[in-house]
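This report works through selected local features of one protein model. Please keep the sequence and the 3D view at hand while reading.

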Amino acid sequence: MTHCILIGAPVDEGQRRPGCLMGPAAYRTAGLAGTLSALGHTVEDRGDVTPAPLGDETCDNAAVHHLPETIAWTRALSAATQDALPHGMPIIMGGDHSLALGTVAGVAAHAANAGRPQFVIWLDAHSDFHTVGTTTSGNLHGTPMAYANGREGFAPFPPFPNPIPGENICMFGIRSVDPAEHAAMQETDITVNDMRVLDEQGIVAPLREFLDRVRAANGLLHVSLDVDFLDPTIAPAVGTTVPGGATFREAHLVMELLHESALVTSLDLVELNPFLDERGRTAKLMVDLVGSLMGRKVFDRPTRSYG
């Protein structure tokens, strides 16, 4: 049994298509708490986070928008995540993916205090490896992984606590990477399991290889699940659809393998835009995926041996 701590993050400033701020309410309406309770977990809903007071931060990149607001969210969500982790498993209901600037900072700070390495699996169509200086769209939801990896170019933001080494990051299912991001990632040891890797090798082997690394290091694992990890034919409620994403069964298999690993300590649910949904279809699917992550299965199977 896990104590699940729901944290709403109605963040809408990291991109330009309004609607993600309704995400936390959609997850609640779609029955996230009830799904977790039915699986035997305890649930605590801490409500929605309020951003920290706005500053007057600026940067040289004229394309960047909502910089002070994003920094305020980063500070608030880092604090909220750190506060929750000693008491259970935080599930951050977003909100666009810029919220991970704060949540990943929070989990990394917690891991440093615990003396354990932090790992991240990034389930996303995009690598989100821009900096404040390299983004051409100005959308800061495209920057969290570069921030977490300790890249330069984030001077307006609080220094990232205990940057996460590339070998502790796995990008899984990506299929849209800008040239600047690609060049920057070539300089890292980040594991990139893009859709070609998954098409060639399948889901299981690449994911288990990364999970075995987490286990061997006695690491903490943060999962950041973007709606656009999924193919838009099954999950239309996202502002940045990219064809060729994970199918229904592939996505559930990823969640089932993560559950069986018993390694996940925190979770982001991001980029759900209920305004673009079809009768709550995407919200319900995301809740069902959390159910698989937290133990729902059709048949019981023997637990895999890791000896």
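## The side chain of T143 and its loop

A polar atom of the T143 side chain lies 2.7 Å from the backbone oxygen of L140, which falls within the definition of a polar contact (a pair of N or O atoms within 3.5 Å, where within protein one must be able to donate a hydrogen and the other to accept it, and residues adjacent in sequence count only if both atoms are side-chain atoms). T143 is found in the loop between β4 (118-123) and α5 (144-148), the helices (H or I, at least four residues) and strands (E, at least two) being DSSP runs numbered from the N terminus. At 0% relative accessibility T143 counts as buried, a class that means under 20% relative accessible area, with exposed meaning over 50% and partly exposed lying in between (1.4 Å probe, protein chains only). When neighbours within four places in sequence are left aside, the contacts of T143 (heavy atoms within 4.5 Å) are L101, D128, H130, T131, V132 and F154.

The model is predicted, and for this reason local features need pLDDT of at least 70 and side-chain atom pairs count only at pLDDT 80 or more, while totals for chains, interfaces and linings use all residues. Residues are numbered from 1 along each chain as its sequence is written, and side-chain values use heavy atoms, with hydrogens and water left out.

## H141 in the loop between β4 and α5

H141 also lies in the loop between β4 and α5, and with a relative accessible area of 12% H141 is buried. Which side chain does the side chain of H141 meet in a polar contact? The partner is the side chain of E271, at 2.8 Å. Leaving aside neighbours within four places in sequence, H141 is in contact with G14, Q15, D96, H97, S98, D128, T240 and E271.

## Salt bridges

Side chains of opposite charge can pair when their charged atoms come close. Under the rule used here (a side-chain nitrogen of Lys or Arg within 4 Å of a carboxyl oxygen of Asp or Glu), the count comes to 9 salt bridges. R46 takes part in a salt bridge with E44, where the closest N and O atoms are 3.0 Å apart, and in another with D83, where the closest N and O atoms are 2.8 Å apart. Because R46 lies in strand β2 (residues 42-48) and D83 in helix α3 (residues 67-84), the latter pair ties together parts that are 37 residues apart in sequence. E44 is partly exposed at 27% relative accessibility, R46 is partly exposed at 33%, and D83 is partly exposed at 44%.

Elsewhere, the side chains of R249 and E256 meet in a salt bridge at 3.4 Å, N to O, and R249 counts as partly exposed at 45% relative accessibility. Salt bridges that share partners also join R28, D45 and D48 into one network.

Strand β3 (residues 89-94) is mostly covered, with 6 of its 6 residues buried. In a regular strand the side chains alternate between the two faces of the sheet.

Two strands count as paired if DSSP finds at least two bridges between them. β1 and β3 pair in the parallel sense over 6 bridges, and P90 in β3 is the bridge partner of I5. β3 also pairs in the parallel sense with strand β8 (residues 264-270), over 3 bridges, and there I92 stands opposite D268.

Apart from neighbours within four places in sequence, V214 is in contact with F119, G219, L221 and L263. The C-alpha atoms of V214 and N168, which are 46 residues apart along the chain, are separated by 7.7 Å.
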